[in-house]
Amino acid sequence: MRIVLADIKGGDGFISKDTVAGGYGSRLRPFSKVTGVVASLKSRFHDLPSVHLAYVAALAERAGHEVMGSRGELVDRADVALVLSSLVDFRRETAWARAMRERGTKVGFIGLASQKLPHLFEADADFIVDGEPEAAIMRLVAGEPLTGMAASPQIDDLDSLPFPQWQPLIGARRRFRVPFAGRPVGGALPVLASRSCPEFCTYCPHRIQTKYRARSVRNILEELTYLEDTRGPIHVVFRDPLFSQERDRVLELCDGIRSRGLHHTFECETRLDRLDDELLTIMHRAGLRAMSFGVESQAPTTLKKVGRRPIPEAHQRAILARCRELGIVTAAFYVLGFGEDTWDSINATIDYSIELGSTVAQYKILTPYPGTPLFKRMETTLTETDWEKYDGFTPTFTHERLTHDELRLLLGSAYTRFYMRPSFLANYLRVSAPAVRSVVQKLDARVERRHARRECVRVAGSTA
Ligand code: SF4
């Protein structure tokens with residue numbers, strides 16, 4: 001068979017799909033100068049190819065089929081097309097599927113969006129994969145035609161899967177490093193060392209498709225070795241939702257990276273309470289150069305209400321300080337608009353994000369994603385009927401204390417206050433000289449007063 005794997009390039013704004021928001025994806029449409037710069041930088045550094053499609057490519061090639069990728073180009077004489085679905089860009093994905101079916105190609109969708117909201121995709125699909133794709137795709141490439149909702153139970157033994165194949169999806173990419181950036185432009189590839197998450201945050205779509213499973217350290221090291229043999233040293237992005245869940249496993253992995261003499265750099269996403277000084281130091285020696293983690297809210301009570309275990313501030317600050325010493329780029333995630341949030345509590349979260357001093361920060365508006373416990377709880381409060389707007393940056397529900405305009409204003413204020421500060425630049429450039437830091441902090445205070453004055457004017461405007 002001739003099989004096309006489609007990861008349709010997003011249109012408006014910066015779109016991430018695949019492993020972002022569990023597969024629902026996110027779309028940052030710039031709404032201020034600062035978010036315009038953030039979106040433009042993300043499109044250069046954060047446009048990762050789909051690891052799930054790379055697994056599908058490996059299964060199809062192993063079965064002897066011809067495989068090719070598409071970012072939206074139509075392909076002639078294809079037998080089957082598999083489209084990576086998302087919530088934030090489903091119209092472009094279904095339009096592409098329609099055009100391919102008109103050419104006589106059978107089209108199937110994979111991913112959480114088409115699984116949880118099949119009604120958005122089914123008119124343009126011959127089948128929708130119901131679960132992680134591999135089990136159904138193995139049947140497809142063995143010759144079984146798939147139809148309707150094709151059940152695809154999770155594969156427990158992740159070591160049994162072949163390594164993702166990148167050649168059909170990205171070919172040979174040019175890659176270059178930018179000073180101080182954690183990730184190079186081009187050339188970064190995602191690896192999944194584990195899938196799903198054992199935590200219970202009720203708003204999180206990462207944990208709703210399958211249960212947490214981890215690959216063996218030996219199997220991950222084999223993949224890293226294979227990548228170095230076939231592509232040379234690259235920057236690996238571990239896309240596990242909680243990479244350092246098992247400390248001993250990470251230590252063994254780092255040990256293996258060093259004893260095999262692998263030269264990749266890597267980054268991961270994790271929880272700060274799954275890190276300590278010693279572990280960070282060992283991970284850094286093995287190639288860790290960037291790390292992302294959720295802080296979400298400054299208020300422990302707010303976090304507890306959504307099933308998230310709060311992490312003591314002292315621990316968060318200590319880990320961030322150690323990352324700064326080691327030169328690890330840190331990206332902290334925050335969510336604005338939890339049920340208990342008020343104007344003041346959100347400002348306290350923004351204040352905290354600035355004080356914590358991560359290299360970069362990402363703020364999103366609480367989004368009730370279909371299939372999560374939070375979605376069930378908030379279903380009656382939803383105001384947004386266009387599913388593409390469930391993009392992480394658009395208010396989609398009635399908040400008890402904050403209007404949509406206020407939430408957007410606070411979101412814009414968070415980005416401005418974080419990024420338009422001299423100390424953001426100092427952190428980014430890893431300036432640590434105490435004399436410079438003290439000047440920078442004084443400048444921060446002046447800039448902050450200016451932001452506060454402007455915010456007062458905007459708030460007065462929005463409530464006039
Ligand atoms: S820790 Fe919570 S938010 Fe993070 S991936 Fe796990 S369940 Fe999701």
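This is a predicted model: local features need pLDDT of at least 70, side-chain atom pairs count only at pLDDT 80 or more; totals for chains, interfaces and linings use all residues.
Student: Which helix or strand supplies the largest share of the side of domain 1 that touches domain 2?
Tutor: The domain assignment places domain 1 at residues 2-156 and domain 2 at residues 172-420, and the contact between them takes 30 residues from domain 1 and 29 residues from domain 2. On the domain 1 side, β3 (26-28), α1 (33-45), α3 (90-102) and α4 (112-116) each supply at least two residues. The largest share, 5 residues, comes from α1.

Student: How many residues of the side of domain 1 that touches domain 2 are nonpolar?
Tutor: That side divides by class, with 7 polar and 8 charged residues among its members. The remaining class, the nonpolar one, has 15.

Student: Which strands stand at the edges of the sheet, each with a single partner strand?
Tutor: The sheet is open and its 6 strands pair in parallel, in the order β9-β12-β13-β14-β15-β16. The strands at the edges each have a single partner, so one side of each is left without a neighbour in the sheet, and these strands are β9 (188-191) and β16 (360-365).

Student: How many charged residues does the shell around the ligand have?
Tutor: The residues surrounding the ligand include C197, E199, H206, R207, R271 and R308. By class, the shell has 5 nonpolar and 2 polar residues, and its charged residues number 4.

Notes: Residues are numbered from 1 along each chain as its sequence is written. A residue is near a molecule or strand if its C-beta atom, placed from the backbone, lies within 6 Å of it. Ala, Val, Leu, Ile, Met, Phe, Trp, Tyr, Cys and Pro count as nonpolar, Asp, Glu, Lys and Arg as charged, and the others, Gly among them, as polar. Domain bounds come from an automatic or database domain assignment. Two residues are in contact if their C-beta atoms, placed from the backbone, lie within 7 Å. Helices (H or I, at least four residues) and strands (E, at least two) are DSSP runs, numbered from the N terminus. Two strands pair if DSSP finds at least two bridges between them.
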